[in-house]
Amino acid sequence: MPLAASEVDVNKQFSLTEFLYRRAFPFELNSKGELVPTQLESFSFAKEVEGAPSFLRGAYANANDVVHQECAGNKDVSACSVFQMMVSELPGSIVTGDGKRQYSLWPVHKPLILCGAPCVIGSHLHDDPEKAYAKPSHAVVTELKVQICTALNMRGAVQ
Amino acid sequence: MPSLLATPPAYFDTCERTLRSEPRIERPKEVDPTWLNVANSRVLRQNDKIETLQANILELSLWQNNWNGYGSPRPSIVAIAAARAIVNRFQTFTVLPEKATASADGGVALIFVGQDKQRAVIESFGTEDDYILLYDTEGSSRTLPWPQEEEAQNEVLTELQSYLRGIQVAPRS
């Protein structure tokens with residue numbers, strides 16, 4: 001049973017070895033069983049961080065929680081596969097095509113009432129001490145998604 | 001007085017001549033080998049797969065919002081129409097998407113798997129944001145915008161085909 005929002009500490013730091021879990025339906029995978037980058041939501045890069053790929057953080061969830069209805073908006077996701085990656089496997093930094101800007105990613109804890117573990121992946125300009133949310137080009141967004149999928153696919157589906 | 005006219009052939013004579021003719025022997029018909037497996041020809045198989053993909057894409061119009069439990073919108077009608085048009089462009093190519101599905105951002109994803117570590121996906125929204133993503137299993141990637149002109153579309157599809165066959169080098173990251 002997933003932990004509720006009242007049972008988690010949103011201020012708890014993410015550790016580098018903490019797992020991030022993501023589910024996918026069979027129709028979202030290619031014939032090799034790999035998650036395809038288009039199946040991750042794009043980073044909205046608005047002021048609110050919600051428009052970004054969503055994961056469950058390992059500090060408050062396990063692989064079983066990912067396919068629980070309360071962590072999927074009451075949708076039946078029992079047929080899904082579960083992929084995992086460690087926080088340290090998030091792309092370190094990505095440089096824009098013109099080489100002028102560099103982006104990094106960081107996880108942001110965004111609990112739901114009945115499922116306290118969800119987090120999203122935010123993006124900021126590299127070396128920005130304020131971690132201000134910044135909008136990269138479409139090519140950078142796509143590359144971020146490819147690198148996240150690569151990290152998830154390296155370990156394969158765990159469930 | 002005997003007649004000088006030749007005796008008209010009797011009916012049995014006609015039959016005799018007919019019988020004397022070479023009996024028809026059933027010989028095996030020689031068929032052009034290229035037609036032997038016509039039902040399995042590449043062109044027909046390609047057309048069948050395209051029809052299947054078209055039907056799969058059309059079914060996406062029945063999907064609901066939040067189809068993945070992550071709040072993703074269902075594919076728009078415009079995205080579905082655009083994806084069907086893109087699939088039609090593959091009639092003259094030897095590669096085909098192995099799957100068509102909804103993408104997390106409300107578009108349609110046409111998924112390709114190459115010979116080795118080459119992968120590709122076309123994401124269609126029916127807007128100028130449509131693109132082809134060439135990537136590999138090691139995290140390298142390159143994005144090609146989906147052009148509006150047919151000739152330019154052929155060029156990017158040729159590039160896609162070469163990439164999936166492993167002819168082209170890994171994409172620049």
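Helices (H or I, at least four residues) and strands (E, at least two) are DSSP runs, numbered from the N terminus. Two strands pair if DSSP finds at least two bridges between them.

The model is predicted: local features need pLDDT of at least 70 and side-chain atom pairs pLDDT 80 or more, while totals for chains, interfaces and linings use all residues. Residues are numbered from 1 along each chain as its sequence is written, and chains are lettered from A and ligands numbered from 1 in the order in which they are written.

**View 1. Chain A holds 2 helices and 6 strands.** From the N terminus, their order is β-β-α-β-β-β-β-α. Of the 159 residues in chain A, 42% are buried (20 or more other C-beta atoms within 10 Å of the residue's own; exposed means 12 or fewer, partly exposed in between; C-beta atoms are placed from the backbone). Contacts are counted between residues whose C-beta atoms, placed from the backbone, lie within 7 Å. Among the chain A contacts with a separation of 6 or more, 70% link residues 24 or more positions apart.

**View 2. Chains A and B meet through 25 residues of chain A and 26 of chain B.** On the chain B side, β1 (99-102), β2 (108-113), β3 (118-124), β4 (131-136) and β5 (141-145) each give at least two residues. That side divides into 8 nonpolar, 12 polar and 6 charged residues. Here Ala, Val, Leu, Ile, Met, Phe, Trp, Tyr, Cys and Pro count as nonpolar, Asp, Glu, Lys and Arg as charged, and the others, Gly among them, as polar.

**View 3. β2(B) pairs with β1(B) and with β3(B).** The β1(B) pairing is antiparallel, with 4 bridges. The β3(B) pairing is also antiparallel, over 6 bridges. B:Leu110 has B:Ala100 as a bridge partner and stands opposite B:Ile122 in β3(B). The hairpin of β1(B) and β2(B) has 5 residues between the strands, and B:Gly106 takes a positive phi near 90° there. The hairpin from β2(B) to β3(B) runs through 4 residues.

**View 4. Both faces of β2(B) are covered.** In a regular strand the side chains alternate between the two faces of the sheet. B:Val108, B:Leu110 and B:Phe112 are buried on one side, B:Ala109, B:Ile111 and B:Val113 on the other.

**View 5. B:Leu110 sits in the largest nonpolar core, which has 72 residues.** Such a core is a set of buried Ala, Val, Leu, Ile, Met, Phe, Trp, Tyr and Cys residues joined through C-beta atoms within 7 Å. B:Ala83, B:Val108, B:Leu110, B:Ala120 and B:Val121 have the most contacts inside it. Beyond four places in sequence, B:Leu110 touches residues including B:Ile86, B:Val87 and B:Pro97.

Notes
Two residues are in contact if their C-beta atoms, placed from the backbone, lie within 7 Å.
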